[in-house]
Amino acid sequence: MPPIDAPAFRHDPRKVVLGLRKPTGSTFRWDTEPVVCGHRHFTHPRTDGQRVSVPVCATPVAVAGLGAVFATYDGRVRLFDSSLEKLYWERRLDNAVYASPVADPARQAVVVATTGGLVRSLDLRGRTRWSASVDGPVYATPTTVPGTDVLVIAAFGSRCVGLRLDTGATVFDRELPRPWHAQWGGSAAHRDPYASPVTLDTADVAVACAEHVVCLAPDGTQRWCRDLGASIRASLVAVHAEGVLVVAGVDGRCTFLDSRTGEERGAVVLGGKVVGSPALSGTVLAVGTQDGAGFGVDVRTHEVCWRVPGAAPRDHSSYTVTPSGGFAVTTARGNIVGLGRDDGRFLWETSQLLGLSGHDPALDTTPVVAPDGNMYCGSYSGMAYRFRFRPRQDPT
């Protein structure tokens with residue numbers, strides 16, 4: 001059995017939060033609206049002297065007690081302090097960064113993968129620990145296999161690669177099932193897999209590719225493969241306590257698979273296409289459809305326990321979980337909304353209206369909420385934000 005800190009979904013806070021030190025003093029009011037307390041605009045100069053915005057597509061890694069690591073679409077990786085005013089270091093990689101960086105707590109490092117197939121581990125001083133390459137662009141957030149020190153990467157071109165987290169050495173490199181339309185000249189057939197893999201309670205890894213879910217041992221050996229008949233764009237969710245894997249397909253069906261055998265244990269039909277990734281808090285799975293509805297599904301009974309209009313993830317982003325166990329999600333409105341776990345109750349909604357000239361306030365990425373009271377998020381218009389939650393007892 002893996003440790004309890006095995007990542008369970010795409011933006012599991014254990015995947016995107018590093019802790020240099022525990023927060024001191026106040027705890028925070030996670031059920032009240034956080035406010036912008038820092039922002040930065042990423043731009044790149046053009047030959048005519050004008051500057052163009054550089055999109056932020058990846059969720060940053062929050063470094064609790066210090067700041068956040070942002071990776072942008074120009075291939076730059078930067079560590080800022082929590083105000084986003086002080087830049088500690090900046091590194092340039094070979095290509096754009098779309099997949100979210102992954103925290104490596106054991107080495108206090110982050111691993112960044114690019115659309116050029118470069119994978120690099122950087123420590124918190126910006127020094128390269130190792131570099132590796134995979135045969136294909138990386139758009140899906142990688143996952144780690146605790147207890148084995150293996151990083152699993154799903155790359156376009158239907159490939160899956162395992163790398164050693166300590167050295168970057170290749171553990172395995174294998175092909176995955178291709179989309180059904182590849183044999184018919186499907187124009188986007190090479191853009192798969194898009195969903196992020198996940199670590200199961202068995203210490204194996206589940207990878208969604210095309211219409212399939214493949215379960216792999218940490219050495220790349222196939223345990224089982226299941227064809228669900230519909231494309232999978234949303235990342236997988238492991239429910240360790242129940243021994244199941246939840247798969248949300250574009251057919252609007254949430255399927256519960258046995259993590260050991262791949263056999264179906266149940267299903268929930270949501271009635272809309274799913275491309276945004278779900279998240280798990282306790283026994284409630286938050287999942288949204290492209291028509292904007294957000295659902296809470298009980299992973300024990302497979303019943304819908306709440307439905308909230310307008311609470312689905314924006315585009316291909318994801319739900320995430322706050323330190324209090326609630327959900328946070330960037331919606332189609334371009335704001336982050338906080339929801340109660342058990343009833344989907346509205347808690348708060350952010351505002352990025354700052355009075356800046358030419359400023360597009362819409363957010364596009366999945367937020368990350370750190371236990372030090374900070375939340376970070378970005379936008380395709382090149383903006384990075386730090387939100388601050390109110391301390392439970394304000395300083396006097």
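**Cores, cavities and loop residues in a predicted model**

Leu 84 is found in the loop between strand S7 (76-81) and strand S8 (87-92). Strands here are DSSP runs (E, at least two residues), numbered from the N terminus, and helices are H or I runs of at least four. The model is predicted: local features need pLDDT of at least 70, side-chain atom pairs count only at pLDDT 80 or more, and totals for chains, interfaces and linings use all residues. Residues are numbered from 1 along each chain as its sequence is written, and side-chain values use heavy atoms, with hydrogens and water left out.

Backbone geometry comes next. Most residues other than glycine have a negative phi, and most peptide bonds are trans. Phi of Leu 84 is near 70°, a positive value in a residue other than glycine. Leu 84 is buried, with a relative accessible area of 1%. Buried means under 20% relative accessible area, exposed over 50%, and partly exposed in between (1.4 Å probe, protein chains only). Ala 203 is not a glycine either, yet has a positive phi of about 75°. Ala 203 sits in the loop between S17, which spans 198-199, and strand S18 (205-209). With 17% relative accessibility, Ala 203 counts as buried. The peptide bond from Asp 192 to Pro 193 is cis, with omega near 5°. Pro 193 belongs to the loop between strand S16 (170-175) and strand S17.

The largest nonpolar core contains 32 residues. Such a core is a set of buried Ala, Val, Leu, Ile, Met, Phe, Trp, Tyr and Cys residues joined through side-chain atoms within 4.5 Å. Val 287 and Phe 327 touch the most other members of the largest core. Strand S26 (residues 284-288) gives this core its largest share, 4 residues. Apart from this core lies another, of 18 residues, including Ala 58, Val 61, Val 97 and Leu 124. Val 287 has contacts (heavy atoms within 4.5 Å) with Ala 248, Cys 254, Leu 270, Val 274, Pro 278, Ala 293, Gly 294, Phe 295, Val 297 and Tyr 319, with residues up to four places away in sequence not counted.

Thr 289 lies between S26 and strand S27 (294-298). Thr 289 is buried, at 4% relative accessible area. Its side chain makes a polar contact of 2.4 Å with that of Asp 291. A polar contact is a pair of N or O atoms within 3.5 Å; within protein, one must be able to donate a hydrogen and the other to accept it, and residues adjacent in sequence count only if both atoms are side-chain atoms. Not counting residues up to four places away in sequence, Thr 289 touches Leu 270, Gly 272, Lys 273, Val 274, Phe 295 and Ala 312. Thr 59 lies in the loop between strand S4 (51-53) and strand S5 (61-64). Thr 59 is buried, with a relative accessible area of 1%. The side chains of Thr 59 and His 11 are joined by a polar contact of 3.2 Å. Residues up to four places away in sequence aside, Thr 59 touches His 11, Ser 100, Pro 101, Thr 366, Pro 367 and Val 368.

Two further loop residues are partly exposed. Gly 310 lies between strand S28 (303-308) and strand S29 (320-321). Its relative accessibility is 31%, so Gly 310 counts as partly exposed. Beyond neighbours within four places in sequence, Gly 310 is in contact with Gly 292, Ala 293, Thr 331 and Arg 333. Pro 323 is found in the loop between S29 and strand S30 (327-330). At 43% relative accessibility, Pro 323 counts as partly exposed. The C-alpha atoms of Pro 323 and Phe 28 are separated by 9.3 Å, while the two residues are 295 residues apart along the chain. Leaving aside neighbours within four places in sequence, Pro 323 is in contact with Trp 30, Val 369, Ala 370 and Pro 371.

The structure holds 2 cavities of 30 Å³ or more. A cavity is a set of points, on a 1 Å grid over the protein atoms alone, where a 1.4 Å probe fits but cannot get out; lining residues have an atom within 4 Å of a point. About 80 Å³ of space lies in the largest cavity. Its lining comprises 14 residues, of which Arg 10, Cys 57, His 316, Ser 317 and Thr 365 lie nearest the centre. The second largest cavity holds about 30 Å³ of space. Arg 10, Tyr 139, Ala 140, Thr 141, Tyr 194, Ser 196, Ser 235 and Ser 277 line the second largest cavity.

How values were computed: On a 1 Å grid over the protein atoms alone, a cavity is a set of points where a 1.4 Å probe fits but cannot get out, and a pocket is an open set with protein on both sides within 12 Å along at least five of seven lines; lining residues have an atom within 4 Å of a point. Grid points are joined across faces, edges and corners, and a volume is the space filled by probe spheres set on the points.
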